[in-house]
Each structure stands twice: as structure tokens, then as C-alpha cells.
Amino acid sequence: MSGEPLTGDELDRLFEAARWAPSSMNGQPWRFLFARAGSSAFASFFDLLVASNQAWAGRAGALLVVVSKTTFDNGSPARTHSFDTGAAWMSLALQGSRMGLVVHGMQGFDYDAARTRLAVPDEYAIECMVAVGKPGPLEDLPERFRARELPSDRRPIEAFAFEGAFPAPD
């Protein structure tokens, strides 16, 4: 990524896409905490990342922490909070791709530190972090990450779609 901070308008376009994701009972459990490159909060978000993610995400235009509310507003459990928040994250990722941005979700960060540092209430699950930014020169990436800048392999459909019951283990 280039390291150029995302503008408020660019972030709003991403969050607008997420806003329209479907959710159970229209609960909209997703929340996005963010820090733009160059802001006072960016270092705090960056320090949550494991070293391997820090090696390439330091040039992100923004870092996000995605959380989901585990209950509906009436207090009853929202069993699909992660699923619904995943739909919102995917909407954000697709919008970012459409805008020509690099959008990369990560699980490699300190979840406990994120909860404390970002004051995430107990009724919210911390789902993932996201690095988003404008593309930069491939040469700016450490050598070991350059080859990963191609689409990764995918499982064949037969490996994840089953008519009827789940297949018996081999």
C-alpha cells in the first residue's frame, strides 16, 4: 500500500456499503473502529498487530477493528452476530475493491489488548482487523510478501457444498 491516509469520504463510502448488509431481525450488530494513517490513533492500532502483519500493514491508509454485538437491543442473544458482521465486512471489502483499494482482513493481532485499548464493551465480540489503503509499488513490500500478491487458490465446490447431510469423514 502507498501509506496515503484514506479520506473521510473514502471511509464513508466503505462504511455505507457495510451499512446495507443484511442481518438477522435487522439487528445490524457490526461496529467498525478505525484509525487513519498519520492520526494519533494509528500507532495504537498498529501495535495490536503481530510482527508478520506489521511488516506489511504499516503502509495502510487505515486500520480497522471489526466487532459485533452479541445480543439484540432487547438483550436476547444474537446467535448470528458473527455471520451478520461477516456480511458487513464483505460488503466493505467489495466496495473497497471497486474503489481500487487494497482491503485485507487479518486475525493476526492481540484480541485482548484490542478490547482493553479500544474500550470494547463485554457484550461485543472482536472479530478481526482490516488493513485498507491505496495500492503502492510492489517493491515497497518485503521480498517474502511479494509472491503473495496474487489471488490464492480456492477449494473446489465439491469440498464445501454437500447435498443432504454432511459427508462422513474419510
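This is a predicted model: local features need pLDDT of at least 70, side-chain atom pairs count only at pLDDT 80 or more; totals for chains, interfaces and linings use all residues.

User: Which residues of helix H4 are buried?

Analyst: Residues are numbered from 1 along each chain as its sequence is written, and side-chain values use heavy atoms, with hydrogens and water left out. Buried means under 20% relative accessible area, exposed over 50%, and partly exposed in between (1.4 Å probe, protein chains only). Helices (H or I, at least four residues) and strands (E, at least two) are DSSP runs, numbered from the N terminus. On those terms, the buried residues of H4 are His 81, Asp 84, Thr 85, Ala 88, Leu 92, Ala 93, Gln 95 and Gly 96.

User: What do the buried residues of H4 pack against?

Analyst: Contact here means heavy atoms within 4.5 Å. The partners of the buried H4 residues include both helix and strand: helix H1 (8-19), strand E1 (30-36), E2, strand E3 (102-106) and E4.

User: How far apart are the end C-alpha atoms of H4?

Analyst: H4 covers residues 81-98, which is 18 residues. The expected span of a helix is 1.5 Å times one less than its number of residues. For H4 that gives 26 Å, and the model agrees, with its end C-alpha atoms apart by 26 Å.

User: At what angle do the axes of H1 and H4 cross?

Analyst: Axes are lines fitted to C-alpha atoms, for helices over the stretch in contact, and angles run from 0 to 180 degrees between N-to-C directions. The axes of H1 and H4 come within 7 Å. Their crossing angle is roughly 140°.

User: Which word describes how H1 lies relative to H4?

Analyst: Angles under 35 degrees count as roughly parallel, over 145 as roughly antiparallel, 65 to 115 as roughly perpendicular, and the rest as oblique. The H1 and H4 axes cross at roughly 140°. That makes H1, relative to H4, oblique.

User: Which H4 residues make the contact with H1?

Analyst: From the H1 side come Arg 13, Leu 14, Phe 15, Ala 17 and Ala 18. The H4 residues in the contact are Ala 88, Ser 91, Leu 92, Gln 95 and Gly 96.

User: Is Val 130 buried or exposed?

Analyst: Val 130 is found in strand E4. Leaving out residues up to four places away in sequence, Val 130 touches Ala 62, Leu 63, Leu 64, Val 66, Trp 89, Val 103, His 104, Gly 105 and Met 106. Its relative accessibility is 1%, so Val 130 counts as buried.

User: What about Leu 33: how far is its C-alpha atom from that of Val 67?

Analyst: Leu 33 lies in strand E1 and, at 27% relative accessibility, counts as partly exposed. Beyond its neighbours within four places in sequence, Leu 33 is in contact with Phe 45, Leu 63, Leu 64, Val 65, Leu 118 and Val 120. Leu 33 and Val 67 are 34 residues apart along the chain, and their C-alpha atoms are separated by 8.0 Å.

User: What is the phi of Ala 119?

Analyst: Ala 119 lies in the loop between helix H5 (111-117) and E4. At 59% relative accessibility, Ala 119 counts as exposed. Its phi is positive although the residue is not a glycine, with a value near 55°.

User: In what order do the elements of the protein chain run?

Analyst: The protein chain has 6 helices and 4 strands. From the N terminus on, the order is α-β-α-α-β-α-β-α-β-α.
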